[in-house]
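Student: Could you take me closely through the strands of this model and how they pair, and then say what the nonpolar cores look like?

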Amino acid sequence: MIDDTICTSCNKIPELQGRIEAEGVRQSCSVCRQDQQKAIALEHLLEQIDKGFTNVYGHVDSNAFTEEEEGDDLEEALDSLTGWDSAVTKLIAETLCESEPGYNPSKDGEPFYSEAQNYVKLPDEYDSGNDELGASWDKFKLGIKHEARFFPESSINELREIFGNLENAHGSIRDVIIRSIGPGTDISAVFRAREIDINNKKSVIKLLKNPADKFGAPPPRRARANRLNPTGIRAFYGSLDPMTCLAELRLPIGSSAIVVSFNITRKLRLLDVAHLPTTVKRLSPFHPNYVRSHQFLSFIRQFSFEISSPILPKDTHLDYIATQAVAEYLAHHHSPAFDGILYNSSQEGDGINIVLFQHACAVESSGELKGSNYKFYDETDFDDDDRGGYHIGYMLSYKPGSDQEVYETDEDLKFLTDAPDSGKSPQNQALQYIEGSATVYNVERVVYSANSLPIKVVPIKNGA
Ligand SMILES: [Zn+2]
């Protein structure tokens with residue numbers, strides 16, 4: 001009954017507890033019959049209970065294919081949602097049926113709360129229950145591709161609307177998505193690979209004489225458009241382990257690459273969309289931020305999927321514009337700003353990639369190896385070390401200016417050749433080459449993973 005009471009010990013939902021503490025008085029509880037605790041009349045809790053319940057449960061769809069009895073009755077559903085004692089569940093179910101709060105009127109015209117109804121969990125609310133932000137994201141993508149480029153105000157506002165939910169999201173979500181990396185954290189180094197021609201010793205030597213420079217982010221005039229940076233704006237793309245680096249290069253069998261690693265020299269603030277599915281704790285459906293937090297999570301999953309999707313040859317630059325704009329928004333318009341993004345590798349199962357934005361992508365210069373007469377040779381056959389390896393030998397006489405490198409310049413990047421290399425200024429530095437980390441990887445085998453689905457040939461009836 002609506003004027004029945006419940007006390008603080010009989011209620012098990014933390015989100016309702018505050019209300020009983022604040023508004024209840026010491027009186028007899030209809031459930032446990034004690035009067036030593038604060039208790040409140042059920043009518044004051046019904047709205048919150050109704051919201052929480054309808055966040056998760058709906059009627060069994062009467063148009064469903066099966067005729068079988070599906071779902072749970074009200075008491076069973078309440079029980080699995082709340083963990084209340086059965087006496088409480090029974091009382092609340094009765095009260096809901098009796099008073100039909102109807103804050104979320106049912107679509108099928110039946111009373112929402114009824115002993116005759118069965119209830120099923122709504123489709124995973126991460127994925128499809130709340131697509132309000134998904135719609136904003138779709139609108140944003142269309143707008144920036146085909147309406148106005150260079151960050152129109154409306155696009156910034158749409159991203160603000162979407163990412164504004166991040167700073168306000170529930171702590172359990174925020175703590176997973178906003179990730180601090182660098183010294184003293186569990187991510188203190190990153191890896192980067194470059195394909196090499198192991199037989200072209202000159203080119204290998206050129207890379208290894210100055211790995212801090214050659215494996216860092218390309219200078220602005222050579223920065224090609226990618227998922228998270230437009231042409232001419234540099235960014236560092238790496239991975240958290242060497243195998244993921246290799247996989248991202250998508251090298252054929254028989255080819256080789258050098259992988260190096262960099263220490264992260266200062267604390268960086270990253271958007272982490274790589275750890276969403278397993279580590280996010282579900283919010284209680286009774287929490288006031290439930291809907292907004294889960295909408296945001298739903299959006300961030302979509303975004304995570306989009307930036308992790310493999311880049312296919314048919315993709316055009318247009319396909320990157322939305323994600324590039326998000327990167328720019330996160331780096332320059334969001335407050336507090338982000339330094340980069342962690343995201344899943346599409347190439348390597350559990351692999352995680354990292355992009356560092358322009359203001360955190362530069363590698364401290366460690367200077368070019370001086371000397372001359374370099375030789376790159378394989379020591380596998382006669383080294384004392386069991387593993388063998390490659391050596392670089394060189395003479396310590398140095399002729400200044402003899403090794404000036406000339407960048408080959410792509411036609412469409414010519415307009416950028418005069419750009420000052422501001423990306424290298426000290427405040428943009430966040431990486432330091434780890435001496436001796438360069439390692440040659442020769443690709444011996446590539447593992448494919450695919451799912452297989454059968455094809456059934458079935459006739460389709462008219463109107464089916
Ligand atoms: Zn009680």
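Tutor: Two strands pair if DSSP finds at least two bridges between them, and the strands themselves (E, at least two residues), like the helices (H or I, at least four), are DSSP runs numbered from the N terminus. This is a predicted model, in which local features need pLDDT of at least 70 and side-chain atom pairs count only at pLDDT 80 or more, while totals for chains, interfaces and linings use all residues. Residues are numbered from 1 along each chain as its sequence is written.

With that in place, Arg26 stands opposite Lys38 in E3, and two bridges join E2 to strand E3 (residues 38–41) in an antiparallel run. These strands belong to an open sheet of three, ordered E1-E3-E2 with antiparallel pairing, whose edge strands, E1 (5–7) and E2 (25–26), each pair on one side only.

Elsewhere in the account, strand E6 pairs with strand E10 (residues 268–272) in the antiparallel sense over four bridges, and Ser180 has Arg269 in E10 as its bridge partner.

Turning to the cores, a nonpolar core is a set of buried Ala, Val, Leu, Ile, Met, Phe, Trp, Tyr and Cys residues joined through C-beta atoms within 7 Å, where buried means that 20 or more other C-beta atoms lie within 10 Å of the residue's own, with C-beta atoms placed from the backbone. The largest such core has 66 residues, of which Ala235 and Leu356 touch the most other members, and its largest share, seven residues, comes from helix H14 (residues 321–333). Apart from it lies another core, of 30 residues, among them Leu78, Trp84, Ile92 and Phe286.

Conventions. A residue is buried if 20 or more other C-beta atoms lie within 10 Å of its own, exposed if 12 or fewer, and partly exposed in between; C-beta atoms are placed from the backbone.
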